[in-house]
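Please look at the sequence and the structure before reading on.

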Amino acid sequence: MGASQSGRVPEFQDLTDKTGFSIEQLKNLHNRFVYLTQDEDTLRREHLENMSDLALNPIRRQIIEAFFDSRNLGQKEKGCLQEIGFEEFVTVLAFFKPPKPHIAEEERKTIKKEKLRFLFNMHDTDNDGVITLDEYRRVVEELLSSTETLGAETAKAISDAAMLEVASETVGQMGPDEFYEGITFEQFMQILKDIEIETKMNVHFWNLETMHCGK
Amino acid sequence: MEMKMFIVVLGLLVGSLMPIGGAASSPDTNTNHGMSEPGHHGLPKHGGEGNHTSNVKKIFPVLSFDYDHVRVPFEISLWVLLASLMKLGFHLIPRLPSIVPESCLLIVVGLLVGGLIKVVGEVPPTLDSNVFFLYLLPPIILDAGYFLPIRPFTENLGTILMFAVVGTLWNAFFVGGLLYGVCQLAGDDLALVDLLSCLLFGTIISAVDPVAVLAVFEEIHINELLHILVFGESLLNDAVTVVLYHLFEEYQSVGTITVTDVFLGVVCFLVVSLGGIVVGAIYGILAAFTSRFTSHTRVIEPLFVFVYSYMAYLSAEVFHLSGIMALIACGAVTRPYVEANISHKSHTTIKYFLKMWSSVSDTLIFIFLGVSTVAGKHHWNWTFVIMSVILSLVARVLGVVGLTFVINKFRIVKLTTKDQFIVAYGGLRGAIAFSLVYLLNSDQFPMRNMFLTAIITVIFFTVFVQGMTIRPLVDLLAVKKKQETKRSINEEIHTQFLDHLLTGIEDICGHYGHHHWKDKLNRFNKKYIKKCLIAGERSKEPQLIAFYHKMEMKQAIELVESGGGSKLPSAMPSTISMQNIQPKKTPQDRALPQLSKSREEEIRKILRTNLQRTRQRLRSYNRHTLVADPFEDGWNDLIKRKRMIELEKKISLMNNHLTVPAPPPDSPTITRARLASDPQAWGIKAGTESIPTIKVDLASPQTPESGNMRDGFGSKASQPKESKEDGGLVMKAPSLAKESKDKMAYEDDDKEPQRLMRCLSDPGPAADEEDEDEPFLP
């Protein structure tokens with residue numbers, strides 16, 4: 001591993017500036033990347049789908065998709081990639097970095113907006129900029145999919161109630177004839193403003209030494 | 001109140017066991033009831049009967065005075081009454097509760113009462129440690145444990161443990177050691193105090209008291225994080241206090257402590273804390289398991305929760321394990337399973353009983369603290385007392401600052417200076433410290449009275465000075481307050497989504513962190529434990545659905561409570577309804593007779609204006625909806641049925657173009673119109689007849705305008721009862737003809753939520769009590 005690592009260091013330097021991870025963290029993440037791809041150069045969906053840990057997760061499909069979604073990777077064109085390299089891997093993971101403790105209010109807001117944007121992209125699967133009722137319903141169904149009972153009916157009722165709530169809170173008054181297209185990003189930010197996303201949506205990257213690479 | 005009855009019965013029994021004929025009261029050291037007033041214990045029951053043995057005939061006593069007979073329970077009740085009246089009185093005085101916290105006022109009252117008793121010449125009772133630990137403390141702790149917010153507690157568990165264990169140790173040794181130094185320096189009688197006594201004193205004085213913390217923090221509504229930090233610390237430091245206390249007390253007579261003793265002390269600490277938790281968890285699981293079978297005896301459900309928890313506390317105390325931790329563990333373990341099993345009313349009962357008992361205990365404790373101050377023997381020593389106050393403050397601040405420095409390296413959400421200040425300032429001492437000193441043996445500890453005085457001073461200082469000033473300080477420092485907002489379903493969905501997302505990311509990174517283990521625990525819980533401990537269907541209900549049910553019920557209750565008035569429920573200030581959200585379907589052929597556009601507009605306008613009135617009138621009929629007493633298990637069926645009906649309604653709505661908003665009930669006009677176009681939408685109705693309900697045929701809420709409409713549409717109307725509102729209410733048996741069934745179906749729909757609401761607030765009259773043929777008057 002030593003030879004390949006020394007060649008990587010200059011790359012890591014760029015990545016540090018771009019993502020905010022330290023060199024140590026990038027090294028550990030790189031080890032993990034190599035482990036996941038089984039020494040290939042790029043990560044494909046199958047690699048993630050073959051992970052046994054992820055199999056029990058009800059929203060694994062969306063998590064995997066998030067890695068290949070070009071919106072998260074800062075690219076201009078919409079759509080998804082088939083395979084990603086280490087840089088993209090780390091870019092997506094950077095969304096889960098905790099914010100530094102003493103940062104300005106503006107920066108905190110930016111970070112919050114980025115994280116919420118990530119969540120929004122996870123829900124908005126057809127890339128049209130709004131979360132429609134169907135998409136939201138699918139989210140609820142997947143969340144409930146880990147239980148065998150109580151299928152579509154309850155999911156529909158819950159997602160309907162949730163959409164109704166969003167519409168009521170954000171738009172307020174609508175005539176009976178108007179149609180509510182879906183949740184836009186601004187509305188999404190508004191309804192979730194009470195959950196402190198910037199503190200909750202984080203993974204402890206400082207503890208990367210405990211990663212089980214050889215699992 | 002079973003405990004108090006138990007005390008009374010026990011007291012009577014013990015009293016009656018005393019030798020007959022003893023007219024004078026003898027001090028009974030075995031009584032575990034009442035306030036230990038020397039010389040005033042329950043007289044033997046048989047004392048009065050002794051008169052019958054003499055043969056002199058007296059005049060038959062029509063009225064006699066026998067106070068001693070009921071002295072003890074009478075006095076207990078008097079104290080409780082006094083405490084409650086005091087509490088009542090404070091809140092009646094304007095502005096006082098906002099300046100002075102309740103605990104301070106109660107201590108002052110205690111001082112006054114104690115002074116009064118002393119003036120009268122009697123000996124004021126002191127707070128007996130036994131009474132305190134066995135009867136007054138458990139309700140407060142159980143209340144705290146049962147309603148412990150699990151999520152913030154577990155998220156901050158590391159921090160809380162650090163403060164509780166390391167913080168208390170640091171405080172104890174710092175205060176104890178420095179006090180010893182001061183004592184040696186001061187000389188004269190203070191030099192008699194040896195190191196171990198000082199350390200013991202340090203231990204007692206450094207324990208943050210949950211009762212005092214709760215009393216003060218409850219009123220300042222501070223944000224959840226700080227609240228759980230200080231409160232959690234006060235609960236978990238009990239184990240440390242117990243171990244150190246016993247350690248120093250045991251070896252004080254010997255005079256020295258060896259390394260082995262220290263090592264054993266550490267082992268003892270682990271045993272005490274973990275043992276307490278295990279004992280509590282076992283009783284908690286037993287309680288949960290028992291509650292699985294209580295569906296037929298709902299009335300005694302709360303009793304199981306209380307008794308099992310109290311037994312957990314007592315069992316832990318038998319082995320000198322930490323009773324507080326046992327109680328917390330029992331409450332926290334019991335709650336999720338028991339709540340899924342017990343009825344709604346039992347849940348309310350448990351909540352209110354716990355709050356009531358803990359409130360009474362809390363009040364009594366503070367009053368007695370005041371009385372005991374007057375009653376106790378004091379030995380004031382300026383140096384000792386002043387130094388102990390200063391040192392405890394300094395130790396607390398240093399401890400908190402130092403620990404936070406270390407802890408912040410491991411936390412995502414760092415603790416700011418403001419947070420640290422509040423944590424340090426909120427470390428109040430209270431009655432536990434007092435009782436622990438009181439338990440000390442005066443022979444072993446000759447300076448006990450001095451300790452007592454010092455402890456009381458520290459307690460008074462923290463409760464009065466810190467308790468009173470913390471509220472303005474919180475406002476001054478602009479510390480974040482508790483958010484009162486309700487949880488919306490969106491937030492719930494996204495909290496769950498985030499949990500899974502973070503678990504997934506952790507798995508991808510290969511990092512077994514906080515979320516990973518939490519997820520594993522949840523899965524284990526769901527797969528095995530819930531199946532055992534939760535009865536029937538509820539065991540499979542995922543959390544999101546449970547939350548949704550709860551929300552529905554809450555909304556239904558709100559609807560009932562605002563019913564009868566003319567305002568719409570505040571939950572829906574907007575006019576958005578389901579219909580706005582449903583995706584537009586392409587216009588289909590209407591089975592209705594073709595309406596011209598203008599006609600449609602007219603109908604729509606009329607409906608909209610009528611809606612308010614319709615709603616009002618329908619709402620005022622809520623109370624008249626009679627329901628046969630549904631078994632509580634029938635709820636889920638009702639909710640499901642209601643939902644099915646709603647869904648059918650929505651489907652039929654999408655199928656035709658009279659755009660009527662769904663939630664408000666339609667006037668019969670449109671219902672009949674809809675039925676004409678899509679009769680099979682109501683096919684699902686068969687299910688509703690299985691419940692024996694007494695249906696009330698509401699007077700059709702017609703207005704003159706819509707009355708005209710109706711004639712235009714069809715003649716399916718049952719007798720128009722526009723003339724009298726009350727004349728139209730007649731009870732019908734469940735079996736109905738088809739046409740009226742359809743109409744019933746519609747009314748059934750909006751009666752369903754009303755029926756549900758009735759279930760929730762009050763089961764309503766039982767079916768057999770009603771005379772079915774009597775028209776019900778509003």
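Does B:Glu102 count as buried or exposed? At 13% relative accessibility, B:Glu102 counts as buried, where buried means under 20% relative accessible area, exposed over 50% and partly exposed in between (1.4 Å probe, protein chains only). The model is predicted: local features need pLDDT of at least 70, side-chain atom pairs count only at pLDDT 80 or more, and totals for chains, interfaces and linings use all residues. Residues are numbered from 1 along each chain as its sequence is written, chains are lettered from A and ligands numbered from 1 in the order in which they are written, and side-chain values use heavy atoms, with hydrogens and water left out.

**Salt bridges overall**
- The whole structure holds nine salt bridges over all chains, a salt bridge being a side-chain nitrogen of Lys or Arg within 4 Å of a carboxyl oxygen of Asp or Glu.
- Among the residues involved, B:Arg151, B:Glu155 and B:Asp499 are linked in a network of salt bridges.

**A pair linking two helices**
- B:Glu102 forms a salt bridge with B:Lys87 (2.9 Å, N to O).
- This pair links distant parts of the chain, 15 residues apart: B:Glu102 is in helix H4 (residues 102-120) of chain B and B:Lys87 in helix H2 of chain B.
- Helices (H or I, at least four residues) are DSSP runs, numbered from the N terminus.

**A pair within one helix**
- B:Arg71 and B:Glu75 form a salt bridge (3.5 Å, N to O).
- Both residues lie in helix H2 (residues 71-92) of chain B, four residues apart, about one turn of the helix.
- B:Arg71 is buried at 16% relative accessibility, and B:Glu75 is buried at 17%.

**A further pair**
- B:Arg298 and B:Glu301 form a salt bridge (2.9 Å, N to O).
- B:Glu301 counts as buried because its relative accessibility is 3%.
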